[in-house]
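These are my notebook entries on a single structure. I record what I looked up, entry by entry.

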Amino acid sequence: MTHASVFPRPRQLTELSGPTPAPQAEVLVTRDADLPPQGFRLEYAETVRIAYSDAAGLRYAQRALDQLRGTPADQQQAVLIEDWPDIRRRGFMLDVSRDRVPERSTLLRLIHILSLARYNQLELYTEHSFTYSGHEEVWQDASPLTPEDLRWLDDLCAAHGIELVPNQNTFGHWERWLAHERYLPRAENQEPQEFAGRLRPPSTLAPTEENAEFVTELLEELTPHFRSDRLNIGADETWELGTGVSREQASQQGLGQVFLDYVARVAAPWTSRGHQVEFWSDILGSYPELMDRVPEGTEPVVWLYDSPDHIATVIDHMSEAERGFNEAHGVDTEQLRNFTARAQALIDAGVPFWVAPGTGSWLSFIGRLDNAVGNIIDAVETAGRNDAPGFLLTSWGDCGHFDPLVVSYAPILFGGAASWHLESNRETSELLGEILDRHVFQDQQGVLGPTLVRLGRVAGELDAAIANSSPLFRAVQQPEALEAHQVPSAESLDAAAETIHSALATLSSSRPASLEGPVVLEEIAQAARWAQFGVDVLRSDLFRGGALQDSEDTSAAARDEARRLLDRLEKLLAEQRRVWLLSSRPGGLDDSIDRFSPLRRRLVRLAQLPQPAR
């Protein structure tokens with residue numbers, strides 16, 4: 001029996017002597033109240049015996065039995081499995097507000113992945129991408145989720161033992177709403193604010209009673225489409241708080257108290273009905289004096305998206321400009337080192353909290369798998385030491401959501417396994433390719449899963465580190481933003497180019513039997529082509545000192561190189577439109593594509609061609 005036969009790997013697996021069950025062997029099922037919640041005991045022998053603690057335990061036992069039955073005949077082995085989870089709630093959150101709204105077919109394959117990895121909670125992060133009545137101007141171009149979509153997904157989740165939890169940001173990240181004149185008066189500050197030399201449009205609601213009532217009306221319209229009695233109200237990255245409407249209140253009471261009072265007002269209608277309300281704790285964590293005021297019925301969620309090893313390298317090389325950027329956005333750089341540092345105020349006060357690592361897929365094209373693995377392990381270890389009630393793996397869509405869902409498959413699988421039982425699944429990160437092929441892609445050549453994993457490790461093998469991003473992505477979408485120490489060496493880029501080229505060649509030989517196979521093959525190949533383009537931009541003679549040249553006084557050779565890169569960019573953007581629509585709705589596609597306009601304009605200028613019309 002291979003290590004990938006049963007996934008996640010059980011906490012206890014004992015090989016038994018004697019025969020394995022015949023195809024029609026009797027299955028004896030009993031309930032054992034002494035087993036931990038969601039736990040089961042499975043004897044896979046001449047007679048199959050299942051003992052389970054509750055409905056979830058019975059579900060997981062049956063899934064493990066199916067996997068054992070599906071093990072090749074020459075690898076069959078009688079075994080006894082005893083298993084239960086370390087963390088009771090194991091959730092996944094998908095961002096559907098940063099341009100990419102998935103088709104139902106994409107959500108269907110996501111549910112199958114989550115079910116395989118024993119997640120029992122799903123959240124779709126929304127800002128403007130739900131069809132709120134009377135607010136059409138906000139969502140009309142976004143191909144938003146409808147009530148029918150949510151009821152369909154809620155039914156699908158329920159059939160797989162997954163709780164679909166509504167997630168609507170109610171405080172920060174309101175730029176899509178505040179861009180409209182009708183809603184701008186609700187902003188904390190109606191003027192763009194400068195943070196570390198960059199202007200940001202209004203994005204934070206003023207913490208007023210009127211706004212609390214307004215978002216409550218939205219939530220009253222959203223929540224009836226869910227069975228869940230849980231709710232995530234967001235409240236992260238309220239950057240402008242205390243700069244406008246609440247300036248005087250913040251100066252008198254303190255910024256933390258203003259933040260917590262508004263969160264409490266938004267949560268109150270729901271906690272009074274017995275709901276559990278999640279909210280992001282990035283602001284709260286900086287105010288240890290407020291820990292005893294966390295409202296009853298709410299659960300702070302601590303997020304952090306870099307592994308301890310990766311962020312240590314980043315911090316060691318961090319410039320004053322980078323530190324200033326963090327400080328301008330209210331981020332204590334030292335709190336980013338690990339989950340314990342990030343959650344220290346909550347830990348010291350004994351306040352229960354969730355941990356929320358990331359898939360590392362956003363701002364990367366092909367993922368940052370090694371970073372995600374370290375980030376997830378750090379989160380689960382912190383959760384274990386502090387008896388955290390929940391784990392929420394996040395997949396965000398910052399800057400256009402260019403990574404397709406398949407790029408997150410490997411970290412999703414590892415996150416589910418690690419949050420189920422870390423000690424049995426630490427080494428699962430080395431088996432993800434085999435697990436993907438066996439349980440997801442069913443690639444008869446056995447290459448698709450390992451190739452996806454190999455691409456995901458490219459970013460971790462570069463000899464330059466950036467927080468929460470990959471240099472290959474940043475060089476393409478933000479060509480002026482890299483500092484010199486964030487640019488990989490020529491040798492490192494050559495190695496990355498060779499890996500990506502080899503992966504693209506290997507993809508053409510894969511033969512996945514799964515229904516999603518043709519779609520994910522195209523998505524993985526397109527992501528790899530973007531990463532290859534990022535390598536070539538960084539290797540270009542036009543890229544010096546951390547940025548593309550910005551001068552029309554270029555040589556003929558430089559102009560030719562700019563034209564070659566521009567031609568490739570145009571082809572990639574055209575192909576991106578086609579591949580996007582294989583799994584995602586059209587709304588947001590134009591906005592996503594437009595995020596490459598800075599690079600396109602710079603290449604046109606360097607090539608000394610007429611500027612493209614806007």
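Which residue stands opposite Ile 50 in S4, on the side of Leu 42's strand or elsewhere?

Leu 42 stands opposite Ile 50 in S4. I note at once that this is a predicted model, in which local features need pLDDT of at least 70 and side-chain atom pairs count only at pLDDT 80 or more, while totals for chains, interfaces and linings use all residues. Residues are numbered from 1 along each chain as its sequence is written, and side-chain values use heavy atoms, with hydrogens and water left out.

**Entry 1: strand S4 and its sheet**

I looked up S4, which spans residues 48-52. Helices (H or I, at least four residues) and strands (E, at least two) are DSSP runs, numbered from the N terminus. Four of the five residues of S4 are buried; buried means under 20% relative accessible area, exposed over 50%, and partly exposed in between, with a 1.4 Å probe and protein chains only.

I then followed its partners, where two strands pair if DSSP finds at least two bridges between them. Strand S3 (residues 40-44) runs antiparallel to S4 and is joined to S4 by five bridges. Three residues lie between S3 and S4 in the hairpin that they form. Strand S2 (residues 27-31) pairs with S4 in the parallel sense, also over five bridges. In S4, Ile 50 has Val 29 opposite.

The order of the open, five-stranded sheet is S1-S5-S3-S4-S2, and its pairing is mixed. Strand S1 (12-15) and S2 are at the edges with a single partner strand each, so one side of each has no neighbour in the sheet. On average, neighbouring strands of this sheet are turned by 10° against each other, direction ignored. Helix H1 (residues 55-69) packs on the sheet and touches S2, S3, S4 and strand S5 (79-83). The direction of H1 makes about 25° with that of S3.

**Entry 2: strand S13**

How many of the six residues of S13 are buried? I found that six of the six residues of S13 (residues 298-303) are buried. In a regular strand the side chains alternate between the two faces of the sheet. In S13, Thr 298, Pro 300 and Val 302 point one way, and Glu 299, Val 301 and Trp 303 point the other way.

Strand S12 (residues 276-280) pairs with S13 in the parallel sense over four bridges, and Phe 279 stands opposite Pro 300. Strand S14 (residues 354-356) runs parallel to S13 and is joined to S13 by three bridges. Here Val 301 is opposite Trp 354.

**Entry 3: helices H20 and H21**

I turned to helix H20 (residues 490-507) and helix H21 (residues 517-539), whose axes are 10 Å apart at an angle of about 155°. Axes are lines fitted to C-alpha atoms, for helices over the stretch in contact, and angles run from 0 to 180 degrees between N-to-C directions. H20 is therefore roughly antiparallel to H21; angles under 35 degrees count as roughly parallel, over 145 as roughly antiparallel, 65 to 115 as roughly perpendicular and the rest as oblique. The crossing of H20 and H21 is left-handed.

Contact means heavy atoms within 4.5 Å. Residues of H20 that meet H21 include Leu 493, Ile 500 and Leu 504; those of H21 include Ile 524, Ala 528 and Val 535. I recorded 13 nonpolar, two polar and three charged residues in the contact of H20 with H21. Ala, Val, Leu, Ile, Met, Phe, Trp, Tyr, Cys and Pro count as nonpolar, Asp, Glu, Lys and Arg as charged, and the others, Gly among them, as polar.

**Entry 4: two single residues**

Is Asn 371 buried or exposed? Asn 371 has a relative accessible area of 6% and is buried. Asn 371 lies in helix H13 (residues 369-385). Neighbours within four places in sequence aside, Asn 371 is in contact with Tyr 305, Asp 306, Ser 307 and His 310.

Arg 104 is in helix H2 (residues 104-116). With a relative accessible area of 32%, Arg 104 is partly exposed. With neighbours within four places in sequence again left aside, Arg 104 is in contact with Glu 148, Asp 149, Trp 152 and Arg 585.

How values were computed:
A crossing is left-handed if the near helix is turned anticlockwise from the far one by less than a right angle, and right-handed if clockwise.
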